[in-house]
Structure formats: C-alpha cells, structure tokens
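Subject: Handing over the structure

Hello,

Here is the structure I promised to pass on to you. Please have a look at it, and then read on for what I found in it.

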Amino acid sequence: MYKKIFFALLILIGWQTESKAQHKIKGQVLDASTGAEIPLVGAFVRWQDNESGVYAMDSARFEIEHKGESPFLVVSYVGYSTDTFRITQMNEFITIYLSTNMTLGGATVRARRITYGLNS
C-alpha cells in the first residue's frame, strides 16, 4: 500500500516539476520603422539574467527556452536600439519590433588620386 502511494507521489511531483521547468518561446524580430515589416535576420535574443541566447535566423524567427529566468527578453541588432520586453504569455508566438537608434545626417567622402610611375 505504501509503495503505491509513494509511486503516485513521485509521478505527481515529476509531472508538476516538468510542467513548470521549461517553456519554448517562439517569435520574430522585425523593423517596422520604414512602414514595411522588415525581418531582422541575425538579431540576438537572450533572457535578462542570462548572457547566452539565440540568434533570429530564417525570416528573423527565433526559439529560446525559458528555464525559470527573469520574464524579460533582451533583443539587440546592429544599428538598432537594444530593447527589453516583458513576456507574459509563454505559449504564444511573439513579434518584437526594434527601432533604429541613429540616423546619419550626412557623410563626407574624400579621395586622393594615387599615381604610379615617374612624374614628369
């Protein structure tokens, strides 16, 4: 009798631990500042308390495991402002929009002609 109760408790504890242990968050990183949603392939996505993360690859889609870390995703991409997003629904597909952090007012191009050979 005690063995049955013990095994039932083990199964119940294991089931609850497994259901809370990990979630896979799926999403996409886009730039919407131009009016068209442009995928930011190569954007880096990580949890706030963890330095390791994943890169958004095909169509800027990513998949990252949540193992009990902070519910804040930090997303960064070259030329865009790094932003932090609170994730409240662990089972929904999320779309993250980043905005550019700088605009180039202008550029100056300088060139100098280089000649090879004898100067006359």
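Val 45 has Val 75 as its bridge partner in strand S6, and S6 covers residues 72–76. Strands here are DSSP runs of E with at least two residues, helices are runs of H or I with at least four, and both are numbered from the N terminus. Strand S3 and S6 pair in the antiparallel sense over 4 bridges; two strands count as paired if DSSP finds at least two bridges between them. In strand S4, the residue opposite Val 45 is Val 54.

Before going further, a word on the model. It is a predicted one, where local features need pLDDT of at least 70 and side-chain atom pairs count only at pLDDT 80 or more, while totals for chains, interfaces and linings use all residues. Residues are numbered from 1 along each chain as its sequence is written, and side-chain values use heavy atoms, with hydrogens and water left out.

The sheet around S3

S3 also pairs with S4: the two run antiparallel and are joined by 3 bridges. They form a hairpin, with 5 residues between them.

Buried means under 20% relative accessible area, exposed means over 50%, and partly exposed is in between (1.4 Å probe, protein chains only).

An aromatic pair

The structure holds 2 aromatic pairs. Rings of Phe, Tyr and Trp (its six-membered ring) pair if their centres lie within 6.5 Å; planes under 30 degrees apart are stacked, over 60 edge-to-face, and the rest tilted. The rings of Phe 44 and Tyr 55 have centres 4.9 Å apart and planes at 55 degrees, so this pair is tilted. Phe 44 is in S3 (residues 44–47) and Tyr 55 in S4 (residues 53–55), so the pair ties together parts 11 residues apart in sequence. Phe 44 also stands opposite Tyr 55 in S4, and Phe 44 counts as buried at 18% relative accessibility.

Arg 46 lies in S3 and counts as buried at 16% relative accessibility. A polar atom of the Arg 46 side chain is 3.2 Å from the backbone oxygen of Asn 50. That is a polar contact: a pair of N or O atoms within 3.5 Å, where within protein one must be able to donate a hydrogen and the other to accept it, and residues adjacent in sequence count only if both atoms are side-chain atoms.

Gln 28 is in strand S1 (residues 23–31) and is buried, at 13% relative accessibility. The side chain of Gln 28 has a polar atom 2.7 Å from the backbone oxygen of Ser 59. Leaving aside neighbours within four places in sequence, the contacts of Gln 28 (heavy atoms within 4.5 Å) include Phe 62 and Ile 94.

Asp 31, also in S1, counts as buried at 3% relative accessibility. The side chains of Asp 31 and Tyr 80 are joined by a polar contact of 2.9 Å. Asp 31 and Thr 100 are 69 residues apart along the chain, with their C-alpha atoms separated by 8.2 Å.

S1, S5 and the whole chain

S1 and strand S5 (residues 61–66) run antiparallel and are joined by 6 bridges; Gly 27 has Phe 62 as its bridge partner in S5. The covered face of S5 holds Phe 62, Ile 64 and His 66, and the uncovered one Arg 61, Glu 63 and Glu 65.

Overall, the chain has 1 helix and 8 strands. Of the 120 residues in the chain, 23% are buried.

Best wishes
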